[in-house]
Amino acid sequence: AGNYVVFWNKKALSVVPESLNMTPLGYFQMLADGKVFEKGDRGIAEKLSRRIGNKMHSIGSAEYAAIEGIVKTALEKATSSQFIGDPEAMFQAWLKLPARGVGSSPLDLVAQYPLAIKRSESLGHLIQHTPNWHQGERGMKLAEAISQSPSAGEFGRNGLATFDFAKRAGGVQLLRNVLTTVSQYEGTEVLGSYVLRRPEWVALPAIPDLVSNFLAECSGMSAALAQMLPETFNRPLWQNAQGERLLSLLCDKIIAAHDEQAASTLILYVLGGESWMSQPGTFRQIEQLLPLSPEGVAVHVLRHDYWIRDPRSADLMSQILDFISKNPDSRADKFTAKLWSDPEWLNSPRGVELLEKHIRVAGDQTLDGLAFALRDYRYGLDSRIDGFLGKLMDRGMSEDRMWSMLSVPGGSWDGRRQSAFFERRRLAAPPHSAKCPTAIQTILQSLRNVLR
């Protein structure tokens with residue numbers, strides 16, 4: 001007598017698929033019935049998939065037709081707006097089937113259901129991992145659907161930047177589809193890190209308008225520019241007429257939107273760079289953006305030696321000073337004051353004229369910044385500085401404040417030079433305020449006597 005095991009609950013039992021001698025058709029039917037493996041059964045699923053995969057190369061026409069019918073039903077369901085779930089395992093198995101002659105590739109069937117591709121979470125991804133999927137007219141049909149699917153970002157990073165879509169009719173529309181489908185952040189990544197680094201895409205006439213329109217529609221244009229520009233526009237690939245056109249369009253968009261932050265970002269990452277200085281339109285574009293971001297021009301353009309040596313920079317400085325005359329003590333006023341710590345500016349052809357103009361129009365709170373810049377050690381014993389400091393005092397900067405500014409240790413203004421400066425202004429020393437302690441007055445008087 002043998003041993004028996006009795007199960008009282010039939011529903012608690014299930015057949016382990018890996019123990020079956022399953023046919024490819026049976027495997028597809030199992031997937032169509034919704035029988036999928038749990039996460040913990042991935043090993044079993046992979047083992048079964050391999051076993052079925054070995055048999056798929058030898059299936060007959062009748063079995064292939066039956067499998068095709070199952071997949072077609074799944075694709076038709078996937079086009080429905082009420083479609084729930086995603087038979088990823090079935091699509092994956094189908095796309096691994098070998099082609100059965102011309103026009104009978106698994107991709108040919110999938111290409112007939114573009115709406116299924118657009119709605120499926122996995123199909124677009126699986127197609128892109130199928131060899132030679134992008135080739136020919138069928139490849140364009142598949143690409144058009146994928147570019148509007150949940151896999152659009154992957155397609156933008158890999159498909160558009162890798163294959164020859166830029167050279168095909170409809171290639172630009174594929175890029176538009178991707179940018180419309182993905183998030184703003186992902187769209188900026190697709191453009192800046194992938195597509196716009198490819199010569200075949202950069203050369204397309206439609207690219208400047210497409211990119212400028214995309215950036216102008218971003219909710220935060222400045223952030224999008226900062227994400228895309230540094231690693232893109234400073235490449236030699238863009239320093240040509242095509243790059244000039246794109247920058248011109250961006251300037252127009254920024255000015256139309258009156259976006260001060262975007263203007264500063266464009267100046268920082270592109271227009272202020274030495275690589276763009278020689279481009280014909282750069283100076284005009286900086287002039288256009290200057291009213292929106294005069295401090296951006298001061299900080300990111302005029303502080304560079306290669307711009308200081310350019311005669312056109314004096315015009316930019318003069319325009320900034322015109323702005324300051326109407327907006328004293330603005331950020332532009334304070335940032336521009338720092339520029340005078342570089343003797344190259346004072347030694348430039350119009351340096352003296354511009355500094356005198358700045359002293360005239362500067363806000364009261366910026367006078368200290370000008371004095372701080374002019375007493376910079378790099379000026380050494382430049383006698384002109386005394387005259388400019390005197391003009392600051394004529395503007396209303398107090399003698400006490402000037403004395404404290406010039407008394408910083410380590411500079412070129414030692415006690416003898418300070419005394420000489422004040423004597424020339426008919427001041428043996430700055431007048432002591434009533435708040436100055438008597439002991440300090442005595443020390444200062446003794447110091448002056450020693451220096452004499």
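Which residues in α26 meet which residues in α28? In this predicted model, local features need pLDDT of at least 70, side-chain atom pairs count only at pLDDT 80 or more, and totals for chains, interfaces and linings use all residues. Residues are numbered from 1 along each chain as its sequence is written, and side-chain values use heavy atoms, without hydrogens and water.

Asp386, Leu389, Gly390 and Met393 in α26 meet Arg417, Phe421, Phe422 and Arg424 in α28. Contact means heavy atoms within 4.5 Å. These residues divide into four nonpolar, one polar and three charged. Ala, Val, Leu, Ile, Met, Phe, Trp, Tyr, Cys and Pro count as nonpolar, Asp, Glu, Lys and Arg as charged, and the others, Gly among them, as polar. The axes of α26 (residues 384-394) and α28 (residues 415-424) come within 11 Å and cross at roughly 55 degrees. Axes are lines fitted to C-alpha atoms, for helices over the stretch in contact, and angles run from 0 to 180 degrees between N-to-C directions.

The axes of α13 and α14 come within 7 Å and cross at roughly 135 degrees. Val211, Leu215 and Ala216 of α13 make the contact with Met221, Ala224, Leu225 and Met228 of α14. This contact comprises seven nonpolar residues, no polar and no charged.

Helix α15 covers residues 241-257. Its buried residues (under 20% relative accessible area, 1.4 Å probe, protein chains only) include Leu246, Leu247, Leu249 and Ile254. The buried residues of α15 pack against α12, α13, α14, α16, α17 and α18. Helices are DSSP runs (H or I, at least four residues), numbered from the N terminus.

Key: Helices (H or I, at least four residues) and strands (E, at least two) are DSSP runs, numbered from the N terminus. The expected span of a helix is 1.5 Å times one less than its number of residues. Buried means under 20% relative accessible area, exposed over 50%, partly exposed in between (1.4 Å probe, protein chains only).
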